[in-house]
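Hello,

Here is the structure we talked about handing over.

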Amino acid sequence: MRILKTSTHPDVLPLKGKSLFQRLASRAIVVRENDILLLFTERYHDYSLPGGGIDVNENQIDGLVRELKEETGANNIRNIRPFGSYEEFRPWHKPDFDVVHMISYCFWCDIDDQLGEVSLEDYEVKNGMRPVWMNIHEAIEHNKKTMAESDKQGLSIVRETYLLELIASEISQ
């Protein structure tokens, strides 16, 4: 899969001598004209692609399907095709490692029109996460405003906004 971007958070530089672990994730791109299926997170006031960590016994596609079903209630996930990966090195919040090397594998896919019930994890519920269909350009502008004005933004907003801009450029062609 093509690497779309490698990003290194300034707080982890230099990487030499730091303890590092790798986390793999799959993210879904579900588009209908100029609308995209996203997750809005109240805590961080941002929009992100549905998806998350790939479990030990899963491949990228299995992780994508599981996460998309859990977070959005998507049904009949099909026509899965690669978009690209986003690689990042960022601070880790637990004492066992200094840096997380995260690779997000992003895939286009189609789903049925009707969303089912979500099955969010406790922290996702506490953070106020919910699936929404959103105009992609409005989501990008919203995230940019959050990056410029909010002190509560999460580390993923830069990645998510970058990916949304790339997706928007591809669907406008």
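Helices (H or I, at least four residues) and strands (E, at least two) are DSSP runs, numbered from the N terminus. The model is predicted: local features need pLDDT of at least 70, side-chain atom pairs count only at pLDDT 80 or more, and totals for chains, interfaces and linings use all residues. Residues are numbered from 1 along each chain as its sequence is written, and side-chain values use heavy atoms, with hydrogens and water left out.

H9 first. H9 sits in the loop that links strand 1 and strand 2. With a relative accessible area of 22%, H9 is partly exposed (buried means under 20% relative accessible area, exposed over 50%, partly exposed in between, with a 1.4 Å probe and protein chains only). Contact here means heavy atoms within 4.5 Å; leaving out residues up to four places away in sequence, H9 touches F89, R90, P91 and L155. H9 and P91 are 82 residues apart in sequence, yet their C-alpha atoms are 7.3 Å apart in space. A polar atom of the H9 side chain also lies 3.0 Å from the backbone nitrogen of D11. That is a polar contact, a pair of N or O atoms within 3.5 Å; within protein, one must be able to donate a hydrogen and the other to accept it, and residues adjacent in sequence count only if both atoms are side-chain atoms.

Next, the sheet. Two strands pair if DSSP finds at least two bridges between them. Five strands form an open sheet in the order 1-7-8-2-6, and the pairing is mixed. Strand 1 (3-8) and strand 6 (51-53) are at the edges with a single partner strand each, so one side of each has no neighbour in the sheet. Direction ignored, neighbouring strands are turned by 20 degrees against each other on average.

Strand 7 (residues 78-91) and strand 8 (residues 99-110) run antiparallel and are joined by eleven bridges. Within strand 8, W108 stands opposite R81, and V100 is the bridge partner of R90. On the parallel side, ten bridges join strand 2 to strand 8, where A28 stands opposite F107. Eleven of the twelve residues of strand 8 are buried.

Helix 4 (residues 157-171) packs on this sheet and touches strand 1, strand 2, strand 7 and strand 8; its direction makes about 145 degrees with that of strand 7. Axes are lines fitted to C-alpha atoms, for helices over the stretch in contact, and angles run from 0 to 180 degrees between N-to-C directions.

T161 lies in helix 4 and counts as buried at 3% relative accessibility. Its side chain reaches the backbone oxygen of I157 at 2.8 Å. Not counting residues up to four places away in sequence, T161 touches I140, N143, K144 and M147.

Last, the interior. A nonpolar core is a set of buried Ala, Val, Leu, Ile, Met, Phe, Trp, Tyr and Cys residues joined through side-chain atoms within 4.5 Å. The largest has 20 residues, and those touching the most other members are I29, I36, L38, L49, F83, L164 and I167. Helix 4 gives the largest share of this core, four residues. Beyond its neighbours within four places in sequence, L49 has contacts that include R27, E160 and L163.

Regards
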